[in-house]
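Please look over the sequence and the structure shown below before reading on. The report that follows takes a few parts in turn.

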Amino acid sequence: MTFLVSFGQNSLYVYQEMLQREEPFKTVFLYKNTCQYDLNGLDQAKTAAFETLNIVDMVRAIYHLATSRYVILDNYFGFLAAVQFKEEAECIQLWHAAGAIKKFGLRDQSISNRTEKAQRRFTDVYKKFNKVIVGSEEMAGIFTEAFDLPSESILRTGIPRTDLFYDKKRQQETIDRLESRNPALRGKQVILYAPTFRDHQLDHFEMNLDLEAMHRALGENYVLLLRFHPSIKHRSDYESRYPGFIYDYSSHADVNELLLIADCLITDYSSVVYEYALLNKPMIFFPNDLEDYEDRRGFLGEYESLVPGPVAFTTPDIIGRIQRNEFDYQQIEAFARKWNHYSNGASSRNLVEYLDSGQRLIDSPAVRGVPFE
């Protein structure tokens with residue numbers, strides 16, 4: 001079994017389940033430099049960097065992909081258009097997002113600006129997906145359109161990394177670890193600001209949240225955690241400017257751990273909202289570039305109807321909603337049920353049982369998952 005990862009979180013949950021069950025798979029992780037996890041210390045797994053200029057790495061990757069029974073990937077990889085897996089191999093798309101606000105795949109409106117050759121490459125890649133993992137019927141419908149796949153390609157096991165949100169013991173251990181490393185998190189309300197990654201801001205980052213206003217209004221009772229893409233350069237040292245109030249967690253690999261400790265989430269178009277909703281905690285949506293982003297990427301519906309919380313366009317509005325606790329918790333719960341229908345705390349087990357069976361998805365509760373409760 002070869003995991004091809006650019007993120008890694010879902011794959012690690014599946015791998016840990018395999019270890020616990022003592023599954024007989026020989027396991028390989030091929031990882032891109034975008035993966036924030038250190039995979040080299042994994043027990044009983046081979047690891048290798050992927051898409052590097054190192055010829056040894058390239059040959060090793062080709063060998064593992066050509067000889068695997070299962071190839072499990074978490075993103076779009078253009079090279080798949082030219083790959084030939086062995087006849088009995090199964091390629092499984094374990095997508096990095098549990099839900100979707102913005103369009104992607106063949107639904108991405110920018111694809112019409114691509115050359116005919118590029119468009120053909122997209123469809124050739126999507127044809128390689130034998131199965132696509134989903135946590136909801138909503139996402140099943142989106143994938144069948146985005147990847148132009150038949151309905152039988154959908155595997156309803158739930159999203160592995162959501163298992164954390166049903167494991168109270170592991171949650172508490174995570175919170176205790178984060179608080180022991182940063183005692184400032186104890187006794188304060190924690191706000192997490194986690195905006196979507198934008199390609200054009202890698203070298204020219206723009207902080208649209210007014211941190212000075214946040215500090216003046218909330219600094220006594222709150223701390224603000226920042227979680228940006230780790231590749232973003234030239235951003236300010238916010239921690240030194242606002243000591244005791246702002247902490248930059250951009251290098252923290254597992255964003256779901258930060259969700260556990262956050263009392264309120266501020267985001268825009270990020271998919272972290274689908275996991276965070278399972279905690280039934282408040283979130284505020286701050287789409288400061290809404291019109292521009294919609295023109296470039298497109299949404300799967302009217303933005304305000306897609307998000308489970310108030311939409312704010314200014315920092316004072318955000319501050320006011322936090323201070324007044326203006327949140328609809330029933331809306332958050334309904335959102336969680338809709339998008340996590342099959343993610344019930346046993347998603348990793350469900351997927352590993354499917355892999356262990358070596359057969360097509362069968363109609364049994366152990367494999368298809370039990371709806372969210």
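## The open sheet

In which order do the five strands of the open sheet lie? In this predicted model, the order is S10-S9-S8-S11-S12, and the strands pair in the parallel sense. Strand S10 (246–248) and strand S12 (283–285) are the edge strands, each of them pairing on one side only. On average, and with direction ignored, neighbouring strands of this sheet are turned by 20° against each other.

Strand S9, made of residues 222–226, is joined to S10 by three bridges in the parallel sense, and Leu 224 has Ile 246 in S10 as its bridge partner. Helix H6 (residues 211–218) packs on the sheet, where it touches strand S8 (189–193), S9, S10 and strand S11 (264–267). The direction of H6 makes about 155° with that of S9.

## Helix H2 and its two sides

Helix H2 covers residues 55–67, which are 13 residues. From its first C-alpha to its last, H2 reaches 19 Å, close to the 18 Å expected at 1.5 Å a residue. Asp 57, Ala 61, His 64 and Leu 65 of H2 are buried; because the buried residues fall within an arc of 95° when seen down the axis of H2, they line one face of the helix. On the other side of H2, Ile 55, Ile 62 and Tyr 63 are exposed.

Among the elements that cover the buried residues of H2 are strand S1 (2–5), strand S2 (27–31), strand S3 (45–49) and strand S4 (70–73).

## Strand S4 and its partners

In S4, Tyr 70 and Ile 72 point one way while Val 71 and Leu 73 point the other way, and all are buried. S1 and S4 run parallel and are joined by three bridges, with Thr 2 standing opposite Val 71. S4 also runs parallel to strand S5 (residues 90–93), to which four bridges join it, and here Val 71 stands opposite Cys 91.

## The nonpolar cores

The largest nonpolar core has 101 residues, and those that touch the most other members are Phe 104, Phe 129, Met 139, Phe 143, Phe 147, Tyr 303 and Leu 355. Apart from this core lies another, of 24 residues, which includes Leu 224, Ile 266, Ile 319 and Phe 327. As background, nonpolar side chains in soluble globular proteins tend to be buried together.

Leaving aside residues up to four places away in sequence, Phe 143 touches Trp 95, Phe 104, Val 132, Ile 133, Val 134, Asp 148 and Ile 154.

Key. Residues are numbered from 1 along each chain as its sequence is written. This is a predicted model: local features need pLDDT of at least 70, side-chain atom pairs count only at pLDDT 80 or more; totals for chains, interfaces and linings use all residues. Side-chain values use heavy atoms; hydrogens and water are left out. A nonpolar core is a set of buried Ala, Val, Leu, Ile, Met, Phe, Trp, Tyr and Cys residues joined through side-chain atoms within 4.5 Å. Buried means under 20% relative accessible area, exposed over 50%, partly exposed in between (1.4 Å probe, protein chains only). Contact means heavy atoms within 4.5 Å. Two strands pair if DSSP finds at least two bridges between them. Axes are lines fitted to C-alpha atoms, for helices over the stretch in contact, and angles run from 0 to 180 degrees between N-to-C directions. The expected span of a helix is 1.5 Å times one less than its number of residues. The arc is that of the directions from the helix axis to the C-beta atoms.
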